[in-house]
Amino acid sequence: MGPGRDSLSNLPLDGRVAVVTGATGLLGGAAARGLAEAGATIGIVARSLERAESFADELRGAGADVLVLPADVLDEAALASARDSALERWGRIDILVNAAGGNLPGATVGERSLFELPLESFDDVVRLNLDGTLLPIRAFGAAMLEGPFPEGGRSIVNFSSMAARRAMTRVVGYGAAKAGVDNLTRWLAVELGRASAGRLRVNAVAPGFFLGAQNRALLLDADGTPTPRGATVLAQTPAGRFGEAGEVAGAVVWLSSASASFVTGVVLPVDGGFDAFSGV
């Protein structure tokens, strides 16, 4: 279950305009719900109109003001059109959450070696995750530098991963791409912080292991018991469980709020202690 409005009442985002990429996915959707529950207006950037409209109807049913912004995060022209639509509707953008991304089967090793991995597959997963973070910032960021600024300033929150910090089997391209997101986050925190007199902050969340469509079969058997890989993950996670999507949403909402107005350039683990544990 995601955090409810009462649990986010100390992090009000009433009147803020938030744009979320990847909102039709597990964690991006949870982030959009959390922002809406905290009072923000939501723009959903998505390729699949059917899934986006279904999700938008869910948020509208809970009282949120929502606009679907059709765009692929790798299509600069479509992103520019999405930005223009958001500005025409609301006049400003206060929060950008870059949750689009993920691994691609062709970019993994295991069944084949690194030396057999097609370079174009490696490039595809880097482009999806790294370019798919940078291009929305290029599209929406300039508008976010324009005042007047709300209390606590404006916020960009990127999605990183534990794979950016730890070498993990199989996900060579994904890990490299998310490591790039980490560095890009810090670089932009400096660049945009200086450009906005500290009023536009850039941070990232680094989720640990959450059960979604992409990784469920890797982590759980059909009967719900952990696979060998899932058991290894749980043994390395001091919390002793997989995460719940609402726990990432809480971190995104906090980083987007005035309560985090002096926090920038941070990659925040939401991982049940996975990154803290040496394994011994």
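This is a predicted model: local features need pLDDT of at least 70, side-chain atom pairs count only at pLDDT 80 or more; totals for chains, interfaces and linings use all residues.

Q: How are two packed helices described?
A: By the angle between their axes and the distance between the axes. Helices are DSSP runs (H or I, at least four residues), as strands are (E, at least two), numbered from the N terminus. Axes are lines fitted to C-alpha atoms, for helices over the stretch in contact, and angles run from 0 to 180 degrees between N-to-C directions. Here, helix α1 (residues 26-37) and helix α8 (residues 245-256) have axes that come within 8 Å and cross at roughly 50°.

Q: Which word describes how α1 and α8 lie to each other?
A: Angles under 35 degrees count as roughly parallel, over 145 as roughly antiparallel, 65 to 115 as roughly perpendicular and the rest as oblique. α1 and α8 are therefore oblique to each other. Their crossing is right-handed, a term used if the near helix is turned clockwise from the far one by less than a right angle (left-handed if anticlockwise).

Q: Which residues make the contact between α1 and α8?
A: Contact means heavy atoms within 4.5 Å. On the α1 side these are Leu26, Leu27, Ala30, Ala31, Gly34 and Leu35, and α8 brings Ala245, Gly246, Val248, Ala249, Val252, Val253 and Ser256. They divide into 10 nonpolar, three polar and no charged. In this scheme Ala, Val, Leu, Ile, Met, Phe, Trp, Tyr, Cys and Pro are nonpolar, Asp, Glu, Lys and Arg are charged, and the others, Gly among them, are polar.

Q: At what angle do α1 and α2 cross?
A: The axes of α1 and helix α2 (residues 49-61) cross at roughly 25° and come within 11 Å. That makes α1 roughly parallel to α2. Gly29, Ala32, Arg33 and Ala36 of α1 meet Phe55, Glu58 and Leu59 of α2, a set of four nonpolar, one polar and two charged residues.

Q: Is Leu59 buried or exposed?
A: Buried means under 20% relative accessible area, exposed over 50%, and partly exposed in between (1.4 Å probe, protein chains only). With a relative accessible area of 5%, Leu59 is buried. Leaving aside neighbours within four places in sequence, Leu59 is in contact with Ala32, Arg33, Ala36, Ile42, Ile44, Ala64 and Val66.

Q: Where does Ser160 lie, and what does its side chain join?
A: Ser160 sits in the loop between β5 (154-159) and α5 and is buried, at 3% relative accessible area. A polar contact of 2.5 Å joins the side chains of Ser160 and Asp182. A polar contact is a pair of N or O atoms within 3.5 Å; within protein, one must be able to donate a hydrogen and the other to accept it, and residues adjacent in sequence count only if both atoms are side-chain atoms.

Q: What can sequence separation tell me about Ala177?
A: Compare it with distance in space: Ala177 and Arg127 are 50 residues apart in sequence and 7.8 Å apart in space, C-alpha to C-alpha. Ala177 is found in helix α5 (residues 172-195) and is buried, with a relative accessible area of 0%.

Key:
Residues are numbered from 1 along each chain as its sequence is written. Side-chain values use heavy atoms; hydrogens and water are left out.
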